[in-house]
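This briefing describes a protein model for a reader who has the sequence and coordinates at hand.

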Amino acid sequence: MEQEQEKKLETILDGFNSGDENIISVLQHIQETFGYVPEEAVHWFAEKTTVPASKFFGITTFYAQFHLHPRGENIITACCGTVCHVKGADRMISRLRTELSLKGDQDTTRDGMFTLETVNCVGACSIAPILIVNEKVHGNVTPDQAVKKIKSIRE
Ligand code: FES
């Protein structure tokens with residue numbers, strides 16, 4: 001681990017005392033600092049404390065707010081709830097994945113510009129299908145419109 005990264009982790013370590021709430025708070029700090037929760041940061045913390053790495057990973061994977069991989073500059077979230085599914089979310093997601101050249105289980109573009117993720121019902125079924133682009137909710141989105149949104153961010 002680089003010295004600069006270690007310095008940042010030491011700052012987070014100050015004031016740490018074990019306890020589940022504190023672990024969540026530490027993970028939030030790590031994510032704020034690095035943009036995600038790097039595996040090496042978890043191992044570093046586990047070494048410096050009495051908390052096993054498995055506990056950090058358990059919490060990280062349980063809460064959707066934590067990410068173990070770097071995310072893109074732009075977060076595109078497609079709803080996969082039942083109503084969105086019936087209204088064509090799969091076609092929209094498929095077009096987006098093609099547009100973003102995402103293969104297999106890859107969710108972030110190679111250039112780090114976009115992350116495409118899916119969620120279950122976001123509670124806006126009346127305007128399904130839903131696409132959330134950088135926290136802005138769009139309803140009744142067609143596959144063409146979804147691709148246009150990506151293109152307009154690129155331009
Ligand atoms: S199923 Fe997508 S908003 Fe409810």
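S101 is located in the loop between helix 6 (89–99) and strand 2. Helices (H or I, at least four residues) and strands (E, at least two) are DSSP runs, numbered from the N terminus. The model is predicted: local features need pLDDT of at least 70, side-chain atom pairs count only at pLDDT 80 or more, and totals for chains, interfaces and linings use all residues. Residues are numbered from 1 along each chain as its sequence is written, and side-chain values use heavy atoms, with hydrogens and water left out.

**Confidence**

- The mean pLDDT of the protein chain (the predictor's confidence in each residue, from 0 to 100) is 93, and 97% of its residues reach 70 or more.

**Overall architecture**

- The protein chain contains 7 helices and 4 strands.
- Read from the N terminus, its elements follow the order α-α-α-α-β-α-α-β-β-β-α.
- The C-alpha trace spans about 50 × 30 × 25 Å along its principal axes.
- The chain is divided into domain 1 (3–62) and domain 2 (74–154), with bounds that come from an automatic or database domain assignment.
- Taken over C-alpha atoms, the centres of domain 1 and domain 2 are separated by 31 Å.

**Burial, contacts, surface and charge**

- Of the 155 residues in the protein chain, 39% are buried; buried means under 20% relative accessible area, exposed over 50%, and partly exposed in between (1.4 Å probe, protein chains only).
- Contact means heavy atoms within 4.5 Å; among contacts between residues at least 6 apart in sequence, 64% join residues at least 24 apart.
- The accessible surface of the chain comes to about 9,300 Å², and 48% of this area belongs to carbon and sulfur atoms; accessible areas come from the Shrake-Rupley method with a 1.4 Å probe, and for residues only the protein chains shown count as cover.
- The mean positions of the 16 positive and 21 negative charges lie 12 Å apart.
- In that count Lys and Arg are positive and Asp and Glu negative, while His and the chain ends are not counted; the place of a charge is taken as NZ of Lys, CZ of Arg, CG of Asp or CD of Glu.

**The loop between helix 4 and strand 1**

- H67 is found in the loop between helix 4 (53–62) and strand 1 (74–79), and L68 lies in the loop between helix 4 and strand 1 as well.
- H67 counts as buried because its relative accessible area is 17%, whereas L68 counts as partly exposed because its relative accessibility is 25%.
- Not counting residues up to four places away in sequence, H67 touches Q31, Y36, V37 and E117.
- Leaving aside neighbours within four places in sequence, L68 is in contact with Y36, V37, F57, T60 and T61.
- L68 and Q31 are 37 residues apart along the chain, and their C-alpha atoms are separated by 9.0 Å.

**Backbone geometry**

- Most residues other than glycine have a negative phi, and most peptide bonds are trans.
- S101 is not a glycine, yet has a positive phi of about 55 degrees; S101 is classed as partly exposed because its relative accessibility is 45%.
- E135, also a residue other than glycine, has a positive phi near 75 degrees.
- A128 and P129 are joined by a cis peptide bond with omega of about 0 degrees, and P129 is found in the loop between strand 2 (114–119) and strand 3.

**Exposed loop residues**

- E135 is placed in the loop between strand 3 (131–133) and strand 4 (136–138), and counts as exposed because its relative accessibility is 77%.
- Although E135 and I76 are 59 residues apart in sequence, they are 8.2 Å apart in space, C-alpha to C-alpha.
- G123 is in the loop between strand 2 and strand 3, and is exposed because its relative accessible area is 66%.
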